[in-house]
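Q: Could you take a close look at one part of this model for me, the place where the two chains come together? I'd also like to hear how the pieces on either side of it are put together.

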Amino acid sequence: MNIHEYQAKQIFAKYGIPTPKGLMAESVKQAVINAEELGGPIWVVKAQIHAGGRGLGGGVKLAKSIDEVKKFSEEILGMTLVTHQTGPEGKLVQKLYIEEGADIKDELYLGIVLDRAREMPVIMASTEGGMAIEDVAHDTPEKIIKVAVDPAIGFQGFHGRELVFGLGITDKAEQGKFIKLAAALYKLYLENDAEMIEINPLVKTGSGDFIALDGKMGFDDSALGRHPEIESMRDISEEDADEREASQYGLSYVSLDGEIGCMVNGAGLAMGTMDTINYMGGTPANFLDVGGSANAETVAKGFEIILKNPKVKAIFVNIFGGIVRCDRIANGILEATKLVDVHVPVIVRLDGTNAPEAAEILRNANIANVTSATDLADGAAKAVAAAKQA
Amino acid sequence: MSILVNKDTKVIVQGFTGKEGSFHAEQCLAYGTKIVGGVTPNKGGTEHLGKPVFNTVKEAVASTGATVSMIFVPPAFVADAVMEAADAGIELAVIITEGAPVRDMQAAKAYATKHSMKTIGPNCPGIITAEECKIGIMPGVIFKKGNIGLISKSGTLTYEGANQVVKQGFGISTAVGIGGDPIIGLSYKDLLPMFEADPETHAIVMIGEIGGDLEIQAAAFIKEHITKPVVAFIAGQTAPKGKRMGHAGAIVSGGAGTAAEKMAALEAAGVKVVVSPADIGKAVAEVLSR
């Protein structure tokens with residue numbers, strides 16, 4: 001789960017990580033009130049969406065008067081912001097953050113993620129703040145300092161020293177401030193089961209203080225149960241409505257650009273099915289994992305969500321029945337076709353336990369637009385052909 | 001021969017009397033797995049599925065001599081269960097539970113490693129040595145005995161792969177579902193040398209997916225140390241960047257962990273890489289006829 005910048009900054013404040021003063025607004029009127037309360041003389045009007053690259057997309061503006069705060073707020077609030085992380089459809093801006101301006105001398109980068117290879121959190125810092133860290137990693141990897149911290153020992157002095165000397169911070173007072181900030185960030189990461197925290201940029205002011213000018217945070221979904229205060233920060237308007245609806249029924253769904261809807265049990269096989277459709281010259285319309293216990297209700301819901309996408313010209317149901325018997329799934333599919341109006345060709349491949357019985361059930365039901373397939377390759381080929389004919 | 005588990009392996013079940021634990025323990029017993037007991041706190045001294053129930057793993061190990069534990073406890077208790085198993089001297093813990101917090105698994109795995117306990121999973125189908133010992137939730141009937149070792153992050157792709165191998169007239173020695181979480185136990189590079197050393201295994205199928213770099217590590221290892229033929233499939237060639245595809249670890253983040261880079265690394269290591277999982281069986285037949 002991701003949260004907004006203004007929420008991340010509330011959490012930073014709790015851990016003593018300095019941020020500029022700011023207030024969230026959901027209307028232009030509130031934005032102006034916030035600006036007056038902050039006092040000025042300069043303000044930053046920032047779109048609050050769950051995606052990076054807001055500045056380049058026109059979602060962050062520097063205002064030098066209250067009139068400008070009003071003008072920029074009117075422009076940004078309600079706009080559909082397109083950045084390299086939103087996809088071409090962009091994201092509707094429903095919240096603004098009005099923040100006091102900062103005295104920027106240097107821009108740094110500071111973040112924490114899980115290092116999957118070392119199996120511990122790794123703190124990443126760079127002098128190249130304000131740029132996409134992926135680009136820095138690609139173009140000048142030597143400019144990223146990585147310090148892995150074993151949770152068994154926690155954040156130690158040497159971790160801090162590796163960071164400040166790596167960044168070339170020589171002033172002792174500045175070193176102390178930076179190390180304190182990095183230690184706080186590590187504590188925040190661990191205590192809240194964060195998945196990723198990014199401060200980009202972390203600015204050094206003229207007086208040698210470090211301030212988090214931006215904040216991005218994501219949390220481990222599996223751990224949200226023990227962090228109700230984090231979960232309460234969820235903004236469902238930022239999440240894909242179909243993905244969210246699917247998850248309420250235990251389905252895992254991701255929409256894609258193509259024409260062939262996929263309904264599969266298991267995440268790996270679901271990806272493998274998309275890959276096979278692509279390999280055979282078709283285009284997958286979605287990833288959909290119906291989970292281990294596919295039944296009539298989940299299959300019906302799956303059809304419903306897939307068919308919301310008007311581009312879908314055929315559906316490929318690919319189930320490898322293990323513990324769940326295929327004959328049961330076949331009956332589930334028949335029931336589902338009664339619950340939902342499935343108006344495109346459906347190709348069904350059921351393999352595994354009781355597969356012959358399942359094929360028999362589908363054959364006897366003889367539904368006009370349901371075709372059986374013998375295996376994955378056969379099913380994918382039939383789905384691709386059906387989509388091309390439509 | 002096989003790897004890790006066989007017909008003599010003594011297994012206990014943590015979370016034995018729960019709904020999932022009961023159902024799958026019964027299936028494993030029916031397959032022939034030597035389940036010698038289980039652990040459910042406050043149910044010690046009772047019997048379940050005809051096997052003794054213990055309050056602690058230590059008691060279970062002392063009384064039964066079990067060396068492997070199959071873990072079905074709810075996600076919030078997984079780390080505790082894994083550490084208890086390690087502390088009690090269990091040699092291999094197979095963690096089936098899905099949805100354990102990453103931070104918990106980090107701590108649990110570090111502790112397990114310290115106690116020389118191997119782990120498989122979490123969020124995986126488990127391990128099966130065909131026609132001898134099934135520790136997990138896979139449909140045993142697919143896994144006919146044979147000479148192909150299988151390692152997979154995905155449950156249903158394990159079944160798909162095994163099924164194709166069998167349909168081509170071959171069989172499985174041992175299949176291991178390693179799970180697709182960000183932190184997992186045994187991975188490709190741990191299991192590959194075991195299959196290399198197993199005389200019953202003649203070829204290895206490895207099934208990976210987007211996210212992380214375990215497949216890249218595996219490629220480097222194969223190049224240096226594996227002489228048996230390897231067939232690989234990487235799921236998620238068509239997955240969009242930055243989107244989590246079902247498994248917690250299946251995400252291309254910051255442009256890293258793509259299927260393309262993994263496939264290229266494996267190919268460079270001499271692995272027969274297939275573009276569709278539908279070709280796994282045929283590829284196995286091909287590498288064995290070389």
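A: Buried area here means the accessible area, with a 1.4 Å probe, that two parts lose on being put together, summed over both. Keep in mind that this is a predicted model. With that in hand, the area buried between chain B and chain A comes to about 3,600 Å², and carbon and sulfur atoms give 59% of that. On the residue level, 55 residues of chain B are in contact with 42 residues of chain A. Within chain B, the residues that lose the most area to chain A are Arg103(B), Thr238(B) and Met245(B), together 17% of what that side buries.

Now for the pieces, starting with chain B. It has an open sheet of 7 strands with mixed pairing, and the order reads β9-β8-β11-β10-β12-β13-β14. The edges are held by β9 (133–136) and β14 (272–274) of chain B; each has a single partner strand, so one side of each is left without a neighbour in the sheet. On average, neighbouring strands of this sheet are turned by 15 degrees against each other, direction ignored. If you want to zoom in on one pair, take β8 (residues 126–129) and β11 (residues 172–177) of chain B: they run antiparallel and are joined by 4 bridges. There, Thr129(B) stands opposite Thr174(B) in β11(B). Helix α6 (residues 188–197) of chain B packs on this sheet, touching β10 (145–152), β11 and β12 (203–209) of chain B, and its direction makes about 165 degrees with that of β10(B).

Over in chain A, there is an open sheet of 4 strands, ordered β2-β7-β3-β4, with antiparallel pairing. Here β2 (22–25) and β4 (60–63) of chain A stand at the edges, each with a single partner strand, so one side of each lacks a neighbour in the sheet. The twist averages 20 degrees from one strand to the next. Strand β3 (residues 43–47) of chain A runs antiparallel to β4(A), with 4 bridges joining them, and Val45(A) stands opposite Lys61(A) in β4(A). Two helices go with this sheet. Helix α1 (residues 5–14) of chain A packs on it, touching β2, β3 and β7 (96–100) of chain A, with its direction at about 50 degrees to that of β7(A). Helix α3 (residues 66–76) of chain A lies across β3, β4 and β7 of chain A, running at about 165 degrees to β4(A).

Chain A also has some helix pairs to look at. The axes of α11 (residues 326–339) and α12 (residues 355–365) of chain A come within 7 Å and cross at roughly 25 degrees. With under 35 degrees counting as roughly parallel, α11(A) and α12(A) are therefore roughly parallel to each other. Their crossing is right-handed. By class, the contact of α11(A) with α12(A) has 8 nonpolar, 1 polar and 2 charged residues.

The other pair is α9 (residues 267–279) and α13 (residues 376–389) of chain A, which pack at an angle of about 55 degrees with their axes 9 Å apart. That makes α9(A) and α13(A) oblique to each other, and their crossing is right-handed. Thr273(A), Thr276(A) and Ile277(A) of α9(A) make the contact with Leu376(A), Ala380(A) and Val384(A) of α13(A). By class, that is 4 nonpolar, 2 polar and no charged residues.

Key. Residues are numbered from 1 along each chain as its sequence is written. Chains are lettered from A and ligands numbered from 1 in the order in which they are written. This is a predicted model: local features need pLDDT of at least 70, side-chain atom pairs count only at pLDDT 80 or more; totals for chains, interfaces and linings use all residues. Side-chain values use heavy atoms; hydrogens and water are left out. Axes are lines fitted to C-alpha atoms, for helices over the stretch in contact, and angles run from 0 to 180 degrees between N-to-C directions. Angles under 35 degrees count as roughly parallel, over 145 as roughly antiparallel, 65 to 115 as roughly perpendicular and the rest as oblique. A crossing is left-handed if the near helix is turned anticlockwise from the far one by less than a right angle, and right-handed if clockwise. Contact means heavy atoms within 4.5 Å. Ala, Val, Leu, Ile, Met, Phe, Trp, Tyr, Cys and Pro count as nonpolar, Asp, Glu, Lys and Arg as charged, and the others, Gly among them, as polar. Two strands pair if DSSP finds at least two bridges between them.
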